[in-house]
Amino acid sequence: MSRNRDIAMFLSLAVLWGFSFPAISVGLESLPPLLFAAARYDIAAVLLLTAAAVRVEKWRPTARNDLAAVAGGGVFLIAGNGLLFLGQQTVPSGVAAILQGLVPILTALWAIPLLGERLSGLGAVGAAVGFFGVGLVVQPDPGNLLAGDTGARLLIVGQVCSVALGGVLIQRAGPTLEQLPLVGWSMLVGGLVLHAVSLGRGEGPGAAAIGPVSLTALLYLGIFATAVAFMIYFTILEEHGAFEAALIGYLVPIVATVAGVVLLGESIGALTIAGFALVAVGFALLKRRTIADAVGLSTGIGTP
């Protein structure tokens, strides 16, 4: 029963997060990108903070390290996702999801200067392989690096960099606040930052913006793909650890790609698929010791 429950949680989270990318594409047909992103996190923040107030005794950040974690998480981990919404205006949802596979690799690289961690030679090879895979996904034109939707794909790479940095900054702050209120407050801060930038860009909902389709996409993202999904993620993180939770990130692109092809008629090229495979290989090389420990093997090689 426990194994079936675990499988159900992993698959549910992969589906919820996987369908979020097509939902963003659908909502962007009528909603301004940054305002759309801000509204998503507004909804999720209210739900998560309400749950935190009920379930957690100390749910308000007061210590300096907790405030630093909320600030870092809000600005980089949450508000940084505004770049994803900007990029998905032209980038297929499956491609956007595939680029998220770079998060664990960039997290390891950010940890070198910010957490004092070291990278072995084989770990560096893994990072290089992962970046080569991203190059296949982005497919830049050497003669014009911003031709086509390359600029939009690079915005999503920027989002991935921001998300990875936000996670490391939270770890560096060493918060004592529990994860549920920590993420809830971060989403509130991130939503406010996105609202400010959206206002500065002159965004505003058009006459046809709040229609049934865009409203459904927004509610799905705010309630299910964010608030509910993070509740499931917290459970997996608590019961299985960070490595197993990170593996979901390699199932999400598969779900997103299939959903984008079936529901939106998107197409994914062979180079993009090859790029995703290389990113996964890079992750495996970078985290080889953790993988070996997880399956009960010993590589005899030092950690990256």
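**Briefing: a pocket, a helix and a serine**

Helix 11 contributes the most residues to the lining of the second largest pocket, namely four. This is a predicted model, in which local features need pLDDT of at least 70, side-chain atom pairs count only at pLDDT 80 or more, and totals for chains, interfaces and linings use all residues. Residues are numbered from 1 along each chain as its sequence is written, and side-chain values use heavy atoms, with hydrogens and water left out.

**Second largest pocket**

- Its volume is about 220 Å³.
- A pocket is an open set of points on a 1 Å grid over the protein atoms alone, where a 1.4 Å probe fits, with protein on both sides within 12 Å along at least five of seven lines; lining residues have an atom within 4 Å of a point.
- Among the lining residues are Arg-55, Glu-178, Met-231 and Phe-234.
- Helix 10 (179–200) and helix 11 (212–240) are the elements that give two or more residues to this lining. Helices are DSSP runs of H or I, at least four residues, numbered from the N terminus.

**Ser-186**

- Ser-186 lies in helix 10.
- Leaving out residues up to four places away in sequence, Ser-186 touches Ala-69, Val-70, Gly-73, Gly-74 and Ile-78 (heavy atoms within 4.5 Å).

**Helix 13**

- Buried residues in helix 13 include Val-252, Pro-253 and Val-255.
- Helix 1 (2–18) and helix 14 (270–286) are among the elements covering them.
- Gly-265, with a positive phi near 70 degrees, follows helix 13.

Conventions:
Buried < 20%, exposed > 50% of the residue type's maximum accessible area, 1.4 Å probe, protein only. Points joined across faces, edges and corners; volume = space filled by probe spheres on them.
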